[in-house]
Amino acid sequence: MRNEPSPSDTLDAKYEKLASILEDLESVLVAFSGGVDSTLLLRAAVDALGNENVLAVTADSETYPSRELAEARSIAEELGVRHMVCETSELEIPGYAENNRNRCYFCRHNLFEYLFPIQRAEGMRNVIYGLITDDLGDFRPGIRAAIEKGVRGPLQEAELGKEEVRELSRRLGLPNWNKPALACLSSRVAFGERITREKLRMIDGAEEYIRGLGVKQVRVRTHGEIARIEVDPEDLGRILESRALISERLRRLGYKYVTLDLAGYETGSMNRGIE
């Protein structure tokens, strides 16, 4: 009777496939946010191609959570990878601030327009980003921009999903293997509601405060004057225990009403508004 491959063997095979895909690319610019997916992609690129053929580029903008840039710099330094930061502004992209269902398309399209001149100047043959298989099951118009621009997603091409990415990251000793999912601050604003710098600062400040209370995963979804807090179910009690402090802080930041979503954190929950 034929033995089925173990989960470990399957994961090893996928990492080998990822390495093969990267080797064929010869040299790469990695769109590097500092999240779990792009960190594994960066490490795999270094393993497959060597540091001299890899460049990490982070786009710093008003939609990028303020704490993330320092962590991205630290990880790139730990991996020994050249790291560049480009300043962008999504709010200046025509159609972005209006926050319709194609917001992420505008964002990705604009990001790649920033990255291609850097790619050419630095002599990298390809631009890649941290797309994974889980992303294909959600509403992600940014994927269309990547396809149009010829930007590759090697993790997804190697059929790697979120839990597999975390497990590989853990095995490789990457410092952020269990880091909560990362998403731009605009993803907290209800579709159809205009995105402004003030709202982004409110969201960033609110989430930073709640994380300071010991909550790992938090989203402060913004519906006009209402803050809808999403945390993992095991942290609901922690939020309720600190409800007076949280309510006071968020009101000082600019919210009039502060609510807690009893369903807990759900990735892409704002997409229900466009279904």
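**Salt bridges and burial**

Modeller: Arg-67 has a relative accessible area of 29% and is therefore partly exposed, a class lying between buried (under 20% relative accessible area) and exposed (over 50%), with a 1.4 Å probe and protein chains only. The model is predicted, so local features need pLDDT of at least 70 and side-chain atom pairs count only at pLDDT 80 or more, whereas totals for chains, interfaces and linings use all residues. Residues are numbered from 1 along each chain as its sequence is written, and side-chain values use heavy atoms, with hydrogens and water left out.

The side chain of Arg-67 meets that of Glu-68 in a salt bridge, at 3.1 Å from N to O; the term requires a side-chain nitrogen of Lys or Arg within 4 Å of a carboxyl oxygen of Asp or Glu.

Lys-199 and Glu-193 are both buried, and their closest N and O atoms are 3.0 Å apart in a salt bridge. Arg-221 pairs with Glu-230 in another salt bridge, with 3.3 Å between the closest N and O atoms. Arg-221 counts as buried because its relative accessible area is 3%, and Glu-230 because its value is 1%.

Salt bridges also join into a network, which links Asp-12, Glu-167, Arg-170 and Arg-171. In total, the structure holds 26 salt bridges. As a general point, side chains of opposite charge can pair when their charged atoms come close.
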